[in-house]
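Reader: I would like to learn how to read the packing of rings and helices in a model. Could we go through it feature by feature?

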Amino acid sequence: MDHPSQPSVRHFDHCPWLFADAATEEQRAAQREVQRTVGGDTGIGERCYVAESAAVFPDRLRLGDDSYIAAHAYVTGELDTGSHCTLNPFTTVRGNVVLGDGVRIGAHTSLLGFNHSMAPDRPVYRQPLTSRGIRVGDDVWIGSHVIVVDGVTIGDHCVIGAGAVVTRNLPAWSVAAGNPARVLRDRREVRGVRAAAAATPALPGMRPDDGRTPTTRPARDPEPGAAPADNPQPAAHDRRPGWVAGAANAETAAAAPGRQPDDSCTPTTHPAPDPEPGAAAGDQERAPHDRREVQVAGTADSEAAAAAPGKRQDDGRTPTDCPARDHEPGAAPADNPQPAAHDRRAGWVAGAANAEAAATGTRPDDSCTPTPRPAPDPGEPHDRRAVRVAGAADAEVAAAVGAGVADLSGIRPGGDRTPTARPAPDPRTATLAAFADTARDQAAGLLDRCWDGERYVDRPGAVPTVRAHCDAVEIADLLLGAVPEHLSTEEHIGRLSGLQDPKSGLVPEFGEPLPVADADGFIGEGAALYHVLCVGYALDLLGPGIPHPVRGVRDMTARQLIVRLEALPWLTGAWGAGAWVDSLATAAHWNLRHDDGGDSGHGTPEALFGWLLTRADPWTGLWGSPSAEEGRLQVVNGYYRLTRGSFAQFGLPVPYPERVVDAVLDHARDARHFGPGRENACNVLDVAHPLWLCTQQLGRGADGYRSGEIHDWAERQLATVLPRWQDGRGFGFGPGAAGPGPEPGLQGTEMWLAIVWYLADLLGRTAELGYRPRGIHRPEPARQGITGLSRAGGASGS
């Protein structure tokens, strides 16, 4: 078909993948204005497209890089997408929906992340709305005319055939189709494709006389179907031993009776010939049940979706009852027990699009259905993919890659199939090691720079502070394995120990009076809160530890603690609230070291963790709420302080770790805090540590949750941070007026050294540094559990 020499906006709306290469400057300016005028709390990434004809009215929208919303799509509620996600023409996304990376959604598909209840005591249009949300993993292909109802989780690497109605969770790697959708097979299965193909000469797309595999016509347009370009992925055969990219699976044809020989291999979703696993025989044929039989508000019955009498199985529409006047129904089945909304881990494997998706039957020539692009060249830096071997994948090769570059010369047909691992030289290794050597060589000099002859200052010209002395102890221990040479070990201990008030256990700032305790016995703000951390850990590094218990925390009852926690400014100042919890929990840690410093039998530590576990937001894993002015800055930074002192310090697992990763990665894309020249030590540390902490529970490497994105973020940050070291002066805290500012000093140096370690550890490269934090930013828990909670979980910080 001939197209005009210059595509129109209408053309781009329907074919947005053309926009990046073909748009004029005027069209690009117009698109920026379209994105700017999208309402709600909106953040749109790089190289995105939002069609002018789309109805996008979100309460909250986060559109990841290289994603688009095509013509006549309808988006409301809260939508979070990763990168390389596509909402093709006439897609409907409503309610609460989260998409991973590389999620491709075909035309006329509906993701309905909310629901009406349907109790019999009132009309449906007067029923309250409920929302459990929809969660879709990475590298998921959802065909055209699919409906996904509220409460469903779709695992990584799934492919869902056209016209399916998804009412139940789908595990990772599922190929699913039907109404209701059921799993046909696992994408990774190897079932002797060639033999099956030879025994089935009449497969759709195969001519009986040519002996070829089923045909997969090339796509007519370049619509992307691959995962993010910054997360290189394997070709189909990389993960499928014995598979040839583009070959169709005979088993799929046998299991999808609705496929027609002339439909370009697109499966239709006629009812499955056998009952859905776990269902009683005849379930799919029953008439809709009486609404009065189920009176649980907020639920619907899957039979209503499966047997809706007004729905034709080939048109993908909702039932022909009168449409709801306010919201589309997105019923979740009552007989479909769902996991908690935050649980997205089961069976998920991080990765990206598999070219074998062609075998699921989605039409290669359908301009609104994703077609896979070839994976980037495996020689790109940071390639974590299995080595590609023409025509097939070798599991042994895949296992050999990662530690180095596999030498394929040792793999001979019919011969020795064990590849030789040949480590490739990595210039980054030299850079990271050279940085650590430079820091060690200059450590004594930068400490000298901040010694005024009597006490430590953060930077020349600043006033002496308690924190500066503690930072000096931390830096010397980290880089030199010794105490700062300006004082002997005994003098350091004597000075810092002497700062603690024996009665209250608090440490005031130099020249300031002892802070006055609140009614519950503990303080609420001021430098003395942080001194509980820095003085305690400096004395820990020096040997004896803090000499006196913190009395206000020791004597606080569980009831007093709960009252204080409830009164903290979680909605307006979550950062400060988290800092208070950090100080209290650290004081509890020090108190447990003293025979007379426990909680006096009040159960206060147990009450703290009980409150935190029951107040964490299951949708984000955080405490507090974002704001229009700062986004998630307060809640993410508060999360770091809170979990550092509580879960990480006590070796207990954090709740909802997948949701935390989602929220923190989303925050890390906020240009207000992470744009060029805007990152300061607090903001970067408060992303790096939560990601690191959660990966201890979720796993790392290719199998870790969103590990590719975490890896890429850590790489970018490390490349940005290392050049900021100033010879003989160390690191500045960061630009602007926040903290000590851009001038290099002890606080900036101590924090950035810890940040570099966490970034390197996220990349598996800490051995190149040769140092490991042992103080405030130590990765290991300071203790394993507390009285009454020692069995609650394993280490989250080791």
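Reader: Which residues form one aromatic cluster?

Author: Before the answer, please keep in mind that this is a predicted model. The cluster is formed by F609, W623, Y639, F647 and F650, and the structure holds 18 aromatic pairs.

Reader: How is the aromatic pair of W623 and Y639 arranged, stacked or edge-to-face?

Author: Ring pairs are read from the angle between the planes, and those under 30 degrees apart count as stacked. W623 and Y639 are stacked, with 25° between the planes and 5.7 Å centre to centre. W623 belongs to the loop between α15 (604–615) and α16 (633–648), whereas Y639 belongs to helix α16, so the pair ties together parts that are 16 residues apart in sequence.

Reader: Are W623 and Y639 buried or exposed?

Author: Burial is read from relative accessible area, and a residue under 20% is called buried. W623 has 3% relative accessibility and therefore counts as buried, and Y639, at 1%, counts as buried too.

Reader: Which ring does the charged end of R28 sit over, and where does R455 lie?

Author: The charged end of R28 sits over the ring of F19, at 5.6 Å from its centre, while R455 lies over the face of F510, 4.5 Å from the ring centre.

Reader: Turning to helices, how do α17 and α19 pack?

Author: Two packed helices are described by the angle between their axes and by the distance between those axes. Here helix α17 (residues 657–668) packs with helix α19 (residues 681–698) at an angle of about 155°, and their axes are 9 Å apart. Angles over 145 count as roughly antiparallel, and α17 and α19 are therefore roughly antiparallel to each other. The crossing in which α17 passes α19 is left-handed. On the α17 side the contact includes V660, V661, V664 and L665, and on the α19 side it includes V687, L691, C694 and L698.

Reader: How many helices and strands are there in the protein, and what percentage of the residues is buried?

Author: The protein has 21 helices and 21 strands, and buried residues make up 55% of its 798 residues. Among contacts between residues at least 6 apart in sequence, 60% join residues at least 24 apart.

Note on methods:
Residues are numbered from 1 along each chain as its sequence is written. This is a predicted model: local features need pLDDT of at least 70, side-chain atom pairs count only at pLDDT 80 or more; totals for chains, interfaces and linings use all residues. Side-chain values use heavy atoms; hydrogens and water are left out. Rings of Phe, Tyr and Trp (its six-membered ring) pair if their centres lie within 6.5 Å; planes under 30 degrees apart count as stacked, over 60 as edge-to-face and the rest as tilted. Helices (H or I, at least four residues) and strands (E, at least two) are DSSP runs, numbered from the N terminus. Buried means under 20% relative accessible area, exposed over 50%, partly exposed in between (1.4 Å probe, protein chains only). A charge sits over a ring if NZ of Lys or CZ of Arg is within 6 Å of the ring centre and within 35 degrees of the ring normal. Axes are lines fitted to C-alpha atoms, for helices over the stretch in contact, and angles run from 0 to 180 degrees between N-to-C directions. Angles under 35 degrees count as roughly parallel, over 145 as roughly antiparallel, 65 to 115 as roughly perpendicular and the rest as oblique. A crossing is left-handed if the near helix is turned anticlockwise from the far one by less than a right angle, and right-handed if clockwise. Contact means heavy atoms within 4.5 Å.
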